[in-house]
Amino acid sequence: MPTIHRRPRWAIAESVATPECVFANRRTVLAGLGLGAIAGAGLLPGTARAQAAEDAASRTASLYPVKRNDAYRIERPLTPEDVNSTYNNFYEFGSHKQIARAAQALTTHPWDIEIDGLVEKPGTIAFEDLLKRLPLEERLYRHRCVEAWSMTVPWSGFPLSALLAIAKPLSSARYLRFETFNDPSVAGGQKQVWYPWPYVEGVTMEEASNDLAFMVTGAYGKPLAKQFGAPLRLALPWKYGFKSIKSIRRISFTEKRPVSFWEEIAASEYGFWANVNPDVPHPRWSQAEERVLHTGERIPTQLFNGYAEEVAGLYSGLESEQLYR
Ligand code: MTE
């Protein structure tokens with residue numbers, strides 16, 4: 001994510017919140033996180049190597065590839081897997097894009113998801129049990145980061161609305177709040193105490209019920225790689241990428257609007273809605289165009305990232321809100 005100029009109350013250090021700058025000093029930062037040896041020598045910690053055999057990916061591999069849902073095709077070429085899987089935002093593993101190797105330390109089995117708050121059936125469900133209850137499909141989605149780069153990704157998973165049907169929210173539930181794991185012993189980034197861990201995101205119940213809201217369990221015809229947010233992440237393709245929270249551990253149904261990770265850090269730059277709009281610049285740069293990863297091509301950004309027909313109706317009557325930041 002981009003430079004934070006305003007210092008929040010816990011005084012974020014500019015050097016750690018500035019990916020461009022961090023990128024330039026990547027080795028120093030990795031060393032600071034204790035990840036230098038891993039990144040440099042191409043090694044996984046011994047325990048991580050042993051765990052890999054028992055991870056969610058190997059345990060669910062036989063489910064993939066899943067059938068493509070042709071309603072979600074797009075005209076752009078897919079971003080090659082090797083490009084996507086080596087350019088990721090996952091701050092738990094570092095505030096730069098080359099987190100793939102460090103992310104392999106995450107253990108994804110057992111992986112329980114807590115469902116709580118305003119629901120008929122609060123409780124915990126194991127990731128693999130969830131997969132047994134929900135048919136998986138593949139969708140091709142555009143993915144537009146607030147940093148003005150974009151990809152096209154073949155995600156596998158199930159609509160978020162299918163999870164709502166299992167959880168049975170009460171009529172008083174107005175929002176869904178998602179929370180990522182919090183384990184600084186495997187995710188070095190979480191040792192950086194000036195960030196408000198764990199990563200949190202939220203959507204309204206109406207947004208969650210929209211067909212496009214997708215719970216992702218796989219990509220490129222395989223179980224989700226750890227750097228993509230294994231074993232379970234969100235994909236909200238009409239919003240800036242930071243809304244698509246990775247490695248979800250908890251889903252809460254609330255009456256109160258959740259405050260997301262980036263909103264807590266810099267509310268004037270990253271709001272609750274974060275819908276893509278080329279005509280509303282980020283306070284520090286234009287959102288009119290995006291850089292397509294791999295080709296480097298610059299193309300015009302589309303309103304709601306090209307999904308206006310599907311989602312524009314969600315926002316009628318909400319014009320007084322900051323819908324595009
Ligand atoms: N989820 C968690 N838990 N931690 C993160 O740092 N980064 C977000 C989002 N979800 C992030 C996250 C941002 S800024 C983007 S652009 C996307 O994940 C990146 O997803 P990708 O690496 O699959 O492209």
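**Around the ligand**

Modeller: Of the 19 residues around the ligand (a heavy atom within 4 Å), Y91, E92, H143, R233 and K246 come nearest. Keep in mind that the model is predicted, with local features needing pLDDT of at least 70, side-chain atom pairs pLDDT 80 or more, and totals for chains, interfaces and linings using all residues. Numbering runs from 1 along each chain as its sequence is written, and side-chain values use heavy atoms, leaving out hydrogens and water.

Colleague: Which polar side-chain atoms lie 2.7 Å from an oxygen atom of the ligand?

Modeller: A polar contact pairs N or O atoms within 3.5 Å. Here R233 has such an atom at 2.7 Å from a ligand oxygen, and K246 also has one at 2.7 Å from a ligand oxygen. On T180, a side-chain N or O atom is 3.1 Å from a ligand nitrogen.

Colleague: How much of the ligand's accessible area does the protein cover?

Modeller: Accessible area comes from the Shrake-Rupley method with a 1.4 Å probe. The protein covers 100% of the 530 Å² that the ligand has on its own.

Key: Polar contact = N/O pair within 3.5 Å; in protein donor to acceptor, adjacent residues only side chain to side chain.
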